[in-house]
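Have the structure open as you read.

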Amino acid sequence: MTPARNPSEDRLLAYAAGTLSPPEAVVVAAHLALRPANQAWVKQLQAVGGEFLEMTPPSPLSDEALPRAMARIETDAGEARPSAPLNDMAELPAPLRRYALGPWRWIGPGIRVRDVHAPRDGDCRVILLRIDPGRETPRHTHGGVELTCVLSGAYATETERFDRGDLEEADGDVLHQPRVVSDEPCLCVVALDGQIQLDGWLGRVMQPFVRL
Amino acid sequence: MHVEASSFAPTELRAGRMSATEDAHVHDRLIEAVALSRDREAFAALFEHFAPRLKAWLMKSGASASAAEDFAQDAMLTVWRKADLFDARKARAATWIFTIARNRRLDMLRRDARALPTPEIHLAGDDVSRPDDILMQSDDSQRVREALGRLKPDQIEVLRLAFFMDNPHSEIARRLDLPLGTVKSRIRNAMRKLRAILESSEEASR
């Protein structure tokens, strides 16, 4: 169990409990699809949740609760919402296949970005980022938390390397300049909160053009 | 809104374990009866056991009594709809119903109105599991119960609160009157210990 390149334990717990913000949950779901050991751990956490549910002292229901439930199942027509169609990127892990995707947008030399139409949470949303081999993203800091899962290829920051399935948690304090170190482009799914603040001369030149 | 610290004591956990073991099988059979023959009595029995617990869970996370009851209603309707996906070999009744409620809860946290799928956890049905996954998962509940019994009471308390609260860290800190950093490290340590116990019990069973 490596603490880095995996979600922190409390983020996994929030995911298992259903309290993680939806955009972050999308990125964690992608990570789990690529990391069976963590997937198995989350399923065990579901069993912990089941145990806690069983141990919870019940809270009395109103008198009409049971009749209402029985009436509902008699008139129930099933799930109204059909599942969304698969998107055009067969290489994505299963949890990402049902989200519609926006068009690819150029945001800098060798860097393209595509919106994932997953649930937002305030300013926090999900994007796909594709960066060509050898390219660096502009040095940047973040307004909020950024959660990144590598879907293919690999990138390295000043201190660490991230391969397929690895997850990186960065917050506003991290100064970030990932560089793609794989021979193929690096594709990532990112939950991004707040605006990226670009730093340095390139950042200042690019800032007006970049709407991340 | 209150959670008594005493309810997290290990003795209570042990007492809970006995009844939970018996109940788990009863509830498994009830869900199967709903799946096989749309058995209304079985559904009513499940409702009377789980709906008050689901309501209590949501109230602890800060929901009003009526919102919590609506949540329990909706979760139980999903149990009715999805009963045929239940597989007792993969997850016991309480785990399965917890997961249904978890998926609904994540749905509720969405603040935009577009009809988009939220990332669901699937315990059975459309899962593509390897054969060893199924074996490994078959007695998760038993193993998890034993592992919880080996945690310290304050570790169980903090985990249990973390499962139920919407904003666990700050709410737990306030409730237990502890600094935020202490709460975070206590959760992290409890999670690590639980995972280590579960991993070693998996090793032992191979």
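Let's start with two helices of chain B: α2(B), residues 40-60, and α3(B), residues 65-82, have axes that come within 8 Å and cross at roughly 140°. Keep in mind that this is a predicted model. In general, two packed helices are described by the angle between their axes and the distance between the axes.

**Two helices in chain B**

- The hand of the crossing between α2(B) and α3(B) is right-handed.
- On the α2(B) side, the contact is made by F43(B), L46(B), F47(B), F50(B), A51(B), L54(B), K55(B), L58(B) and M59(B).
- On the α3(B) side, the residues include F71(B), A72(B), A75(B), M76(B), V79(B) and W80(B).
- Sorted by class, this contact has 17 nonpolar residues, 2 charged ones and no polar ones.

**Chain A on its own**

- Chain A has 212 residues, and 42% of them are buried.
- You can count 5 helices and 11 strands in chain A.
- Take the contacts in chain A between residues at least 6 apart in sequence: 67% of those join residues at least 24 apart.
- Helix α3(A), residues 36-55, reaches 29 Å from its first C-alpha to its last, close to the 28 Å expected for its 20 residues at 1.5 Å a residue.
- Is α3(A) mostly covered or mostly uncovered? It's mostly covered, with 15 of its 20 residues buried.

**Where chain A meets chain B**

- The contact between the chains takes 54 residues from chain A and 62 from chain B.
- On chain A's side, the elements giving two or more residues are α1 (9-17), α2 (22-34), α3, α4 (65-75) and β2 (111-121).
- Which of these gives the largest share? That's α3(A), with 15 residues.
- By class, chain A's side of the contact divides into 28 nonpolar, 13 polar and 13 charged residues.

**A helix pair across the two chains**

- The axes of α4(A) and α3(B) come within 10 Å and cross at roughly 40°.
- Like the pair inside chain B, α4(A) and α3(B) make a right-handed crossing.
- From α4(A), the contact uses A65(A), R68(A), A69(A), R72(A) and I73(A), while α3(B) brings E69(B), Q73(B), M76(B), L77(B) and W80(B).
- The residues of this contact divide into 6 nonpolar, 1 polar and 3 charged.

Technical notes. Residues are numbered from 1 along each chain as its sequence is written. Chains are lettered from A and ligands numbered from 1 in the order in which they are written. This is a predicted model: local features need pLDDT of at least 70, side-chain atom pairs count only at pLDDT 80 or more; totals for chains, interfaces and linings use all residues. Helices (H or I, at least four residues) and strands (E, at least two) are DSSP runs, numbered from the N terminus. A residue is buried if 20 or more other C-beta atoms lie within 10 Å of its own, exposed if 12 or fewer, and partly exposed in between; C-beta atoms are placed from the backbone. Two residues are in contact if their C-beta atoms, placed from the backbone, lie within 7 Å. Axes are lines fitted to C-alpha atoms, for helices over the stretch in contact, and angles run from 0 to 180 degrees between N-to-C directions. A crossing is left-handed if the near helix is turned anticlockwise from the far one by less than a right angle, and right-handed if clockwise. Ala, Val, Leu, Ile, Met, Phe, Trp, Tyr, Cys and Pro count as nonpolar, Asp, Glu, Lys and Arg as charged, and the others, Gly among them, as polar. The expected span of a helix is 1.5 Å times one less than its number of residues.
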